[in-house]
Amino acid sequence: MDIIRRSFALSLLAAFFAVLHRAASVAPAAPSSDAASFLRCLAVDLPPQVVHTNASPSYTFVLESSIKNLLFVGPATPTPIAIVAAADASHVQAAVRCGARHGVRVRPRSGAHDYEGLSYRSLSAARPFTVVDLAALRAVRVDARRRTAWVGSGATLGELYYAIANRSARLRFPGGLGPTVGVGGHLSGGGFGLLLRKHGLAADHVVDAVIVDAEGRLLDRAAMGEDLFWAIRGGGGGSFGVVLRWKLRLNQDAQFESLYLGTCAGLVATMAGRFPELGVTPRDCIEMTWIESVLYFAFYGTGKPRELLLDRGTGPERYFKAKSDYVTEPVPSHVWESLGSWFLKDGAGLLILDPYGGRMGGVPPSATRFPHRQELFNLQYYGFWFDNGTEVSEKHVGWIRGLYREMEPYVSKNPRGAYVNYRDLDLGVNGDDDDGGVSGYEKARAWGDKYFKEL
């Protein structure tokens, strides 16, 4: 089965590598003949209130409603010929079928946290594209007795966590920290958070899904087959179709205590035995439930109402650039000490380490399309700034790229790995090919192997 899955995944990736990292560099002018035909197709198959073209008064608001990165807000950013604000599965099916019929690429968007904005923009103006916005498909149904939940791809992690906490004080889900992150993209890339060592990846807890495939068919796990079900759990958002909803298995366990699963007394005793030099005392601990920890790590602090998790945000607040690495061997202590100088330079940013292992590492890498289970930890470089302008952007992007180069000797090699949910176009992009996509696939391997390895 693993061999079948490998060949199946490579076949699918070959088809999608030719489109995954393409996009436009200028705003669209008058619609091309393909675009005009596509818009007429939408007009026939969809109610007018769900279609927003660049001539619609609501177009800009809908387009920018969930964008998180100011780098991609402005006249130089490419815009889709239409946004389909899907309110039903049939709306997504119609958009996919019209796109296939008239040569218009379809880009699904759930939370718009894609680091390179590829859920709502494109780098090549050669072909038009449209965005299928899934924000309205965000229903969450929790079955506390069966410890499962069905969640729409348009829901945010905050909305999912809120629904779980409202149904049970004991159930939880091992997803990421950002409450405005879209469920669809998070699960499609694997998804990890503070509970990964205890409970594994978020995608490890997906037991069913409903997807619209490239032919516009609506398929559940039984209909799509195990190979495609394997691929959508780690293969990246939009790579294999548009997943509309996911069935999740929830955990039932004890309280979550900050970064330690246990009591403050247990943490103090553990730290005293293993890291006595840190001098941890009870005053350094804040005991809290899992849902309180979600609020805490989302920078809301303590004692705040869980309703804050329902805030989807009002628009982008900063410019940012991010990159990622995987570490397979311990990094020497002098390297960590030297990195302090980078944060004294002209840059503002974060260096985030997510330790792997535990239950997540006990699952075979071939079990889902997420291949990085055996690494020690994931390393994320995240630079951000608030001032507009080419010079300031180049300075900050240069800072994050320099830090990335500095770490090259100490991270994974052959290939140098990367997390697909931290998308990074510096790794490579594809152009349009006239030879049936063969060279496109070969070019794509230069960066595709970094995300997916060769399982």
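Which side chain is joined to that of R416 by a polar contact of 2.7 Å? In this predicted model, the partner is D325, whose side chain meets that of R416 at this distance.

R416 lies in the loop between α14 (390-406) and α15 (438-452). Because buried residues are those under 20% relative accessible area, R416, with a relative accessibility of 11%, counts as buried.

Besides the contact with the side chain of D325, the side chain of R416 reaches the backbone oxygen of Y404, again at 2.7 Å. When neighbours within four places in sequence are left aside, the residues in contact with R416 are D325, Y381, Y404, M407, E408, V411 and K450.

## The largest nonpolar core

In soluble globular proteins, nonpolar side chains tend to be buried together. The largest nonpolar core of this model holds 38 residues, and those with the most contacts inside it are Y161, F173, I232, W246 and L248. Two or more residues each are given to this core by β6 (148-152), α5 (157-167), α6 (183-188), β8 (206-212), α9 (226-231), β10 (242-249) and α11 (290-300), and the largest share, seven residues, comes from α5.

Technical notes. Residues are numbered from 1 along each chain as its sequence is written. This is a predicted model: local features need pLDDT of at least 70, side-chain atom pairs count only at pLDDT 80 or more; totals for chains, interfaces and linings use all residues. Side-chain values use heavy atoms; hydrogens and water are left out. A nonpolar core is a set of buried Ala, Val, Leu, Ile, Met, Phe, Trp, Tyr and Cys residues joined through side-chain atoms within 4.5 Å. Buried means under 20% relative accessible area, exposed over 50%, partly exposed in between (1.4 Å probe, protein chains only). Helices (H or I, at least four residues) and strands (E, at least two) are DSSP runs, numbered from the N terminus. A polar contact is a pair of N or O atoms within 3.5 Å; within protein, one must be able to donate a hydrogen and the other to accept it, and residues adjacent in sequence count only if both atoms are side-chain atoms. Contact means heavy atoms within 4.5 Å.
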